[in-house]
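Dear colleague,

I am handing over the structure we spoke about, and my notes on it follow below. Please read them with the model open beside you.

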Amino acid sequence: ITLPGSEPVEEWSAEFHSGSLHRVETPRDRVIADCKEMTGTYLSLTTGNVTSGPGVAKSACGINTAKEILSAVSIGKVKGRFGYANRIRITDKNNIRTYDISDDGIIVGCVYTLNDKSKKAVIKLEVRQIDRNINDSSIFSIASLSSSAVPEKFRVAP
């Protein structure tokens, strides 16, 4: 993550899916969402603030749709660590987002660049591991946001 005016930061993140249920974790955030109902709850671990509503789900459920999409383009197939993926480019007012999506719908890579003259990359995401087993469905509850669902061995920066 390289935000304008800030030093680059590397951190881990994890995402969990079960049907329409989704969970995202970083060292700073925890989010749960029901992507069918478009409801979600966000917990900031730095401030303790909790936000709920459809905007949380729009940000968390797959491709971020919280910002108005100005254009969407299919780039084609690319080969990566997990085989072939479909590359698409989404443009909004602030960013140009390039997603690599596996045939079964997993975002396996993503790059956000600024939608300005610089086209500077501000976020680069690379999937390191895919595990298709979720052993605890309670990780999608609001109460579960009080603790991490990510195994300790994965809570380290790359």
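R132 forms a salt bridge with D104, with 2.7 Å between the closest N and O atoms, where a salt bridge is a side-chain nitrogen of Lys or Arg within 4 Å of a carboxyl oxygen of Asp or Glu. Because R132 lies in the segment after β10 (121–126) and D104 in the loop between β8 and β9 (107–114), the pair ties together parts that are 28 residues apart in sequence. R132 counts as exposed at 59% relative accessibility, while D104 counts as partly exposed at 48%; here buried means under 20% relative accessible area, exposed over 50%, and partly exposed in between, with a 1.4 Å probe and protein chains only. Strands are DSSP runs of E with at least two residues, and helices are runs of H or I with at least four, both numbered from the N terminus.

Please keep in mind that this is a predicted model, in which local features need pLDDT of at least 70 and side-chain atom pairs count only at pLDDT 80 or more, whereas totals for chains, interfaces and linings use all residues. Residues are numbered from 1 along each chain as its sequence is written, and side-chain values use heavy atoms, with hydrogens and water left out.

The search of the whole structure finds eleven salt bridges. One of them joins D100 and R87, whose closest N and O atoms are 2.7 Å apart; this pair links distant parts of the chain, with D100 in strand β8 (residues 95–102) and R87 in strand β7 (residues 83–92), 13 residues apart. D100 is buried, with a relative accessible area of 13%, and R87 is partly exposed at 28%.

Another salt bridge is formed by R28 and E11, again with the closest N and O atoms 2.7 Å apart. It links distant parts of the chain, since R28 sits in the loop between β2 (21–25) and β3 (29–34) and E11 in the segment before β1 (14–18), 17 residues apart. R28 is partly exposed, with a relative accessible area of 35%, and E11, R28 and D29 are linked in a network of salt bridges.

Turning to the strands, β8 and β9 run antiparallel and are joined by seven bridges, two strands being counted as paired if DSSP finds at least two bridges between them. R97 has Y112 in β9 as its bridge partner, and in the hairpin of β8 and β9, with four residues between the strands, G105 takes a positive phi near 90°. β9 also pairs with β10 in the antiparallel sense, over five bridges; there T113 has A121 in β10 as its bridge partner, and K119 takes a positive phi near 50° in that hairpin, which has six residues between the strands. β9 is mostly covered, as six of its eight residues are buried.

Finally, there is a pocket to look at. On a 1 Å grid over the protein atoms alone, a pocket is an open set of points where a 1.4 Å probe fits, with protein on both sides within 12 Å along at least five of seven lines, and lining residues have an atom within 4 Å of a point. The second largest pocket has a volume of about 170 Å³, a volume being the space filled by probe spheres set on the points, which are joined across faces, edges and corners. It is lined by 13 residues, of which G80, R81, D100, V108 and G109 lie nearest its centre. The elements giving two or more residues to this lining are β6 (69–80), β7, β9 and β10, and the largest share, three residues, comes from β6.

With best wishes
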